[in-house]
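Please look at the model as I bring it up.

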Amino acid sequence: KSYGSPDLDIDNDNSIATIESTVDPFESCKIYCNGTLLHTIQMAKPPLFSDSKTFVDMTLKYSPDKTLEDFNAMMEAKNQQPSREDLKNFIKEYFGDKGTELESWVPSDWKENPSFVDRISDPDLKQWGVQLNDIWKKLGRKMKDDVIKSPQNYSIIPVPNPVIVPGGRFIEFYYWDSYWIIRGLLYSEMYSTARGMIENFLSIVERIGFIPNGGRVYYHGRSQPPLLTGMVKSYVDFTNDDQFAINALKLLEHEFNFFLNNRAVSVNNHTLCIYSDSSEGPRPESYSEDVNTAASFDSDEKKEHLYTQIKAAAESGMDFSTRWFISEDGTNAGNLSNLSTTSIVPVDLNAYMFWNAKLIAEFYSKAGNIKKVTEYEEKAGEFLLGIQEVLWNEEAGCWLDYDIENKKSRNYFVPTNLSPLWVKAYNISDSENISAKIMAYIEKNKLDTYPGGVPNTLAAQNEQWDFPNVWAPMQYILVEGLNNLNTPEAKNMSMKWATRWVKSNFKAYTDHLDMYEKYDAQVFGGHGTGGEYDVQTGFGWSNGVIIEWLSKHGRDISTGSGSGASASRVMSVVGVAAVTIVALIAGRVLW
Ligand SMILES: OC[C@H]1O[C@H](O[C@H]2O[C@H](CO)[C@@H](O)[C@H](O)[C@H]2O)[C@H](O)[C@@H](O)[C@@H]1O
């Protein structure tokens, strides 16, 4: 099935761009990943930066070795007790501003009127579609040539092609965000930008062996949900460029094996994967936050264990959430010091492993390699069995994460509980039965009662991946998963949630002229809050999901408001007041 326009403007030379360099890709880790310099600067009191990520995104004016040498000399001269002023002066002399290694970039394949806009009936939504398509130009970033020449002077990981970034404080690529960004680009007919981003990831797998969480060396110990093979599948669906997938196969297998070799655990004789991390110490980009979280632990070993749990949660993409808390009584109560990510077998990661194996088998079949098809179909079958036997919970009528420590399912709602529906990690012949159970699960957890979308969990703990925050990629997994089930009830719910999400995002946009990183389940058009940094705008994955759904459902969704932006703004104020009053009376609102 091809979603794109027939006259594709893509490069049909299928060689995959990469970068040749003799410099160790992690040379700048000496500065940005751990050590006394990082510790001293990030732990300064009061902090030198309002956001800990700022320092590790600054550039180096001299080589890492000279910087360290001069820093050590300065420390010695100051008796190992530099003042805040000493540190400020050192930073001024040795570091350049954050983000100066990047240039704004307007994608050369950007089109003013991609055809998805023509598929939108409502004039306000149509205008919004045009504006969202415009935002790609604001999120484009290109590395300056010196990054490729002297990568040791930067925390950014060099890639051969420009990227679309999430936005706000996130000025580099993020692995799983890019799945929804790339789909949005494909619907915007920006095939070569999408392909360039996929090539970047393939090049990273070739050079580094896996894809780090984001495009900075300080993310070196962890990845994010593995969606690269899904990105290649999306690109091929739009372009019919099977050869691109065939050429990528070796690297896709390599990434699959990275998870299998480094993230596998055995549960009841099934091999399943967990999120984890291989680095030492606190997260460099949130250093003092992690040191403070670990302060209650009385040994270095316990602190180090907590750091791993924190970084493993970041690998899941859901940093942070009660999803990863295990308290002494085995529940999800507690706080960040209860993070036990590596003791939890997550539904989503295993569903993605199944999907990756299926897609690799599909690409091998295009290449005519039957032996490999069989091998990967078998691997997919093994994951499917593990998902059925360990993660499906008959009593809950849904898949649930599994707690290895306490040997029990974790019966807490997270959208990822339904992720097998998205990637079809279930027996399709069982769809009717699964649909009935999933609809009952939705009803029982009252998931259809929130005006601003389905919350990430039902636990309000002020973590950003908890109630009441709602995230675009999770709405996507729910909506596309229910649609895949293909029963009338599931399809209706899918359409209802897609419509609600589009309208709620539209309202937030008309109110603030911004797309948000996360939204608020309780407020139609409300944006998210909580967690360790302020809510960000931009925003890559939110734009990608809306563009896809405007393209797919734009004929059937209408705002129901007036046509002008100011009229929408008045409506929105009235709307918030109405929702608040009804919410106070009813406790919850059906939008
Ligand atoms: O700096 C704190 C954390 O920020 C990132 O996480 C959040 O933003 C990412 C980009 O949109 C997103 O992929 C992730 O799901 C969000 O939770 C970063 O990925 C974390 O590793 C980092 O610690």
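Predicted model: local features only at pLDDT ≥ 70, side-chain atom pairs only at ≥ 80, totals over all residues.

I will start with Trp-465, where a side-chain N or O atom is 3.1 Å from an oxygen atom of the ligand, which falls within the definition of a polar contact used here, a pair of N or O atoms within 3.5 Å. Residues are numbered from 1 along each chain as its sequence is written, and side-chain values use heavy atoms, with hydrogens and water left out.

Two further side chains have an N or O atom placed this way: in Glu-285 it is 2.6 Å from a ligand oxygen, and in Arg-283 it is 3.0 Å from one.

How much of the ligand's accessible area does the protein cover? The protein covers 100% of the 480 Å² that the ligand has on its own, with areas taken from the Shrake-Rupley method and a 1.4 Å probe.

Around the ligand there are 21 residues, of which Asp-177, Asn-213, Glu-285, Gly-317 and Asp-319 come nearest; a residue counts if one of its heavy atoms lies within 4 Å.

Turning to the strands, which are DSSP runs of at least two residues, strand 3 (residues 102-104) pairs with strand 4 (residues 140-143) in the antiparallel sense over three bridges, where pairing needs at least two. Glu-103 has Lys-142 of strand 4 as its bridge partner.

Conventions. Polar contact = N/O pair within 3.5 Å; in protein donor to acceptor, adjacent residues only side chain to side chain. Helix = DSSP H or I, 4+ residues; strand = E, 2+ residues; numbered from the N terminus.
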